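The notes follow the order in which I checked things.

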Amino acid sequence: MGFITLGIESSCDETSAAVVEDGRKVLSDVIASSLEFHKLYGGVVPEIASRKHAEVIDSVIDRALKEAGKGPEDVDIIGVTAGPGLIGALLVGVSAAKTLSYMWNKPLVPVHHLEGHVSANFIEHPELEPPFTCLVASGGHSHVVRVEDYGKFRIVARTRDDAAGEAFDKIARALGLGYPGGPVIDREARSGDPSAVRFPETHFPDSLDFSFSGIKTAVLNYINNTKARGGSLNVPDVCASFQYAVVDILSRNLITAAREAGDTKIALAGGVAANSALRELTATRAAGAGLRLYYPSPVLCTDNGAMIACAAHYAAARGRFAGSDLNAFASWNMDEL
Ligand code: KG4
Ligand code: ZN
């Protein structure tokens, strides 16, 4: 039998547990989402997220073990997202992992949420190995990261204000499209013209950092001005134009970073990596630049326990373990791993 990792994720609104063999073979990946409760409020409500995690975490872990056909005795290590994320939500997963680690006498491995997102690529692509340059874009973060080795990362660029996913969520809300915004904007944009409206992109001299607050304001102003003039808003065109401006800068900076690092491989990770325009544009540019592009299937792009188990497997191989004093961290820098 291979090396078995139980992975637990509870940093935002998904409660997830997964059993993964030898780092990359997913035996089970159970995901319970409290999304329907947050939709009423147009975004994730931390208190509700924590309460829902506490309600379902035990049964999610039980189901993950059952579906994998494994018992506690088969588990070699327990990996858990220790940060960054909503502190109350993280604490539910961390407490569950610490309890099981103590009861079953199994080593505990703290995992960085974004390291988990990067690792989704290892699950999807068994042949992928570091080093490579990866875009990690989610609801809370937008980083370009150099994956120097398993469990070792260097942040090359980050957002100076909003995360890319956050911008999608805010624009969708302004357009009355609901939450989360990414998937709906992606869908609406398919019937729109990306060159219909020119929204500004922010570039920094001598830096590959991102900024999405300028474009967010420009889109909001465009929506308000059109409405004030009594004009009709072409929602697919606005979605396609906004989406193009965001994915253009994301893919451009990712490719520049990979070239500067001398890499031949690039990857996409995080919820925004599910975006079809980002995948297509980056694929075209990667081919032109002679880079091989990797990305996970959509279910592995958004939060899940399998990516956390995969990351824990490699973190443990580097000797990263925690004791029963493990805490959760609302913010945590990936460079420090
Ligand atoms: O990684 P994730 O599941 O949770 C966080 O760690 O934040 O990412 C969720 C984010 C949300 O902002 C959501 O709108 C965005 O990912 N997202 C997308 C798409 N699917 C999800 N953004 C753009 N296009 C998509 N298809
Ligand atoms: Zn995430």
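Predicted model: local features only at pLDDT ≥ 70, side-chain atom pairs only at ≥ 80, totals over all residues.

**Entry 1: the shell.** I looked up what surrounds ligand 1 and found 19 residues. The closest are His-117, Gly-139, Asp-169, Asp-186 and Asn-275. I then sorted the shell by residue class and got five nonpolar, 11 polar and three charged residues.

**Entry 2: polar contacts.** I used a cut-off of 3.5 Å between N or O atoms. His-117 places a polar side-chain atom 2.9 Å from an oxygen atom of ligand 1. For Asn-275, I noted a polar side-chain atom at 3.0 Å from a nitrogen atom of the ligand. Gly-165 takes part through its backbone, with a polar atom 3.2 Å from an oxygen atom of ligand 1.

**Entry 3: cover and pocket.** On its own, ligand 1 has 550 Å² of accessible area, and the protein covers 90% of this. I checked the pocket list as well: the space taken by ligand 1 is the largest pocket.

Entry 4: Which elements give two or more residues to the shell around ligand 1? I found α4 (113-124), α5 (164-174) and α6 (181-189). The most comes from α6, which gives four residues. Next I asked why ligand 1 lies between domain 1 and domain 2. Domain 1 (4-120 + 300-336) and domain 2 (129-297) both contribute residues to the shell, so the ligand lies between them.

**Entry 5: backbone geometry.** I noted two cis bonds and one positive phi.

- The bond from Gly-83 to Pro-84 is cis, with omega near -15°. I placed Pro-84 in the loop between β4 (77-83) and α3 (87-104).
- The bond from Pro-130 to Pro-131 is also cis, with omega near 5°. Pro-131 belongs to the loop between α4 and β6 (132-137).
- Asp-22, a residue other than glycine, has a positive phi near 50°. I found Asp-22 in the loop between β2 (14-21) and β3 (25-33).

Conventions. Residues numbered from 1 in each chain as written. Chains lettered and ligands numbered in written order. Heavy atoms only, no water. Near = heavy atom within 4 Å. Polar contact = N/O pair within 3.5 Å; in protein donor to acceptor, adjacent residues only side chain to side chain. Areas by Shrake-Rupley, 256 points an atom, 1.4 Å probe, with all protein chains shown as cover. 1 Å grid on protein atoms, 1.4 Å probe; cavity = no way out; pocket = protein on both sides within 12 Å on 5 of 7 lines; lining within 4 Å. Sits in = over half its atoms within 2 Å of the grid points. Nonpolar A, V, L, I, M, F, W, Y, C, P; charged D, E, K, R; others polar. Domains from an automatic or database assignment.
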